[in-house]
Amino acid sequence: MSRTVYLGQDCYYVGASDMRLSRFENMIPLTHGVSYNSFLILDEKTCVLDTVDRAVVQDFIANVQNVLDGRKLDYLVIQHMEPDHCAGIVELLRLYPEIKLIGNTKTFMLLKQFRGVEVPDQQIIVKEGDVLDLGKHKLQTIMAPMVHWPEVLFHYDQYTQTIYTADAFGCFNYLTGSVWSDQVNYDEYWLPEARRYYLNIVGKQGANVEKVLKKAEDLEIKQIMPLHGVFHRDPEIIAKLINLYKTWGSFEPEEKGIVFVYSSMYGNMEALCLKLSDLLAERGIGPIGMYDVSHTDESYILTECFRYSHAVFGVVNHNTQLYHKMDAFLHLLAATNYSKRKVSILASKSWGGQAAKQAREQLEAMKGIEIIGDTFEILSTYNEETQAEALAQLADQICESFNA
Ligand code: FEO
């Protein structure tokens with residue numbers, strides 16, 4: 001069914017949401033689906049910015065045809081060739097055979113790789129600063145490599161002072177009729193998912209995010225249009241999001257706080273984590289979060305680890321090695337460039353004690369991770385009589401680093 005939203009100044013929303021998708025990239029759990037955003041500008045020339053995922057391509061095509069209302073489509077701007085945005089390209093080429101495609105050399109390489117499409121006579125290859133003139137609307141090219149793929153482009157509409165930002169500033173959750181962030185309860189409902197989206201999808205590319213934000217610094221930005229989630233036009237929300245992106249891009253923690261991440265088959269490591277968290281709370285440290293790697297999806301735990309300044313990892317052995325879900329989580333942190341954080345290690349020595357060694361090696365190999373205190377080890381269970389003093393000492397060390 002066609003469902004479009006007029007966004008003002010000749011621009012229409014022609015994307016659609018998959019309200020049932022349970023895992024983004026077949027990996028990250030979703031509770032409220034995801035939207036695949038696409039925009040259509042009706043000017044002297046007509047232009048679509050990006051298409052959608054195959055799950056909603058029929059709705060997208062109906063939306064484009066509905067808004068064009070018999071006009072021909074002149075341009076398709078391809079900001080991002082990841083398959084969640086390029087399933088409608090072939091269909092648009094079929095319906096509008098004279099359409100010109102806007103991208104860079106990598107865009108067209110990926111178009112051939114993913115869709116088997118080569119249309120050299122219809123390609124317009126753009127570079128930094130090139131402007132696509134639609135009439136009143138003039139789309140200025142901003143190269144944004146590796147935010148999140150190598151071919152990514154942003155566009156700045158000089159007429160409306162709108163920046164189209166591909167995956168950046170995107171968010172999980174489907175769109176309802178309220179498509180602007182100032183029309184929804186943004187901080188409560190959307191921001192946590194914007195954070196989880198950024199840190200799990202784009203987060204590793206912080207240096208590239210910083211570069212593109214720097215390039216956009218001189219632009220007057222009145223609207224931000226990402227390829228997923230709500231759009232932004234409220235100056236306060238825009239300023240807040242740009243500041244958050246600067247923080248996230250720099251890998252600095254968003255705020256002070258401690259995240260416990262543990263594995264525990266029979267509750268003994270869990271009990272030790274709770275004991276240490278009590279000691280930290282008594283010393284005025286907080287907020288404190290606590291996550292079992294076997295219980296909470298890694299995308300949520302990773303988000304919390306990046307959000308806060310400190311982490312405590314509670315590790316145990318399984319098959320005489322580091323419990324594999326913790327092993328996998330530490331690899332995920334390394335792969336996403338976890339850095340600029342202070343961490344401590346609690347470990348069980350049972351079954352050979354490899355967990356402590358392997359976890360410490362993984363954390364030490366992460367650039368910019370400072371390990372606070374020695375690894376605090378237990379033999380099966382924490383012994384209050386013999387270990388209370390040592391645990392209190394670790395709490396003091398964490399406290400000192402927290403307040404430094
Ligand atoms: Fe929404 Fe990088 O694709």
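Which residues in α9 meet which residues in α10? Before we get there, a word on the model: it is predicted, so local features need pLDDT of at least 70 and side-chain atom pairs count only at pLDDT 80 or more, while totals for chains, interfaces and linings use all residues. Residues are numbered from 1 along each chain as its sequence is written, and side-chain values use heavy atoms, with hydrogens and water left out.

Now to the helices, which, like strands, are DSSP runs numbered from the N terminus (helices H or I, at least four residues; strands E, at least two). Asp327, Leu330 and His331 in α9 meet Ala359, Gln362 and Leu363 in α10, where contact means heavy atoms within 4.5 Å. The axes of α9 (residues 324–335) and α10 (residues 354–364) come within 10 Å and cross at roughly 10 degrees. That makes α9 roughly parallel to α10, a label for angles under 35 degrees. Axes here are lines fitted to C-alpha atoms, for helices over the stretch in contact, with angles from 0 to 180 degrees between N-to-C directions.

Next, look at α5 (residues 206–216) and α6 (residues 235–250), whose axes come within 7 Å and cross at roughly 140 degrees. That makes α5 oblique to α6. Gly206, Ala207, Val209, Glu210 and Leu213 of α5 meet Tyr245, Lys246, Gly249 and Ser250 of α6.

Finally, visit glutamate 82, in the loop between β9 (75–77) and α2 (89–95). Glutamate 82 touches Glu25, His148, Trp149, Glu151 and Asp167, not counting residues up to four places away in sequence. Glutamate 82 is buried (under 20% relative accessible area, 1.4 Å probe, protein chains only).

Technical notes. Buried means under 20% relative accessible area, exposed over 50%, partly exposed in between (1.4 Å probe, protein chains only). Lys and Arg count as positive and Asp and Glu as negative; His and the chain ends are not counted. A salt bridge is a side-chain nitrogen of Lys or Arg within 4 Å of a carboxyl oxygen of Asp or Glu. Angles under 35 degrees count as roughly parallel, over 145 as roughly antiparallel, 65 to 115 as roughly perpendicular and the rest as oblique.
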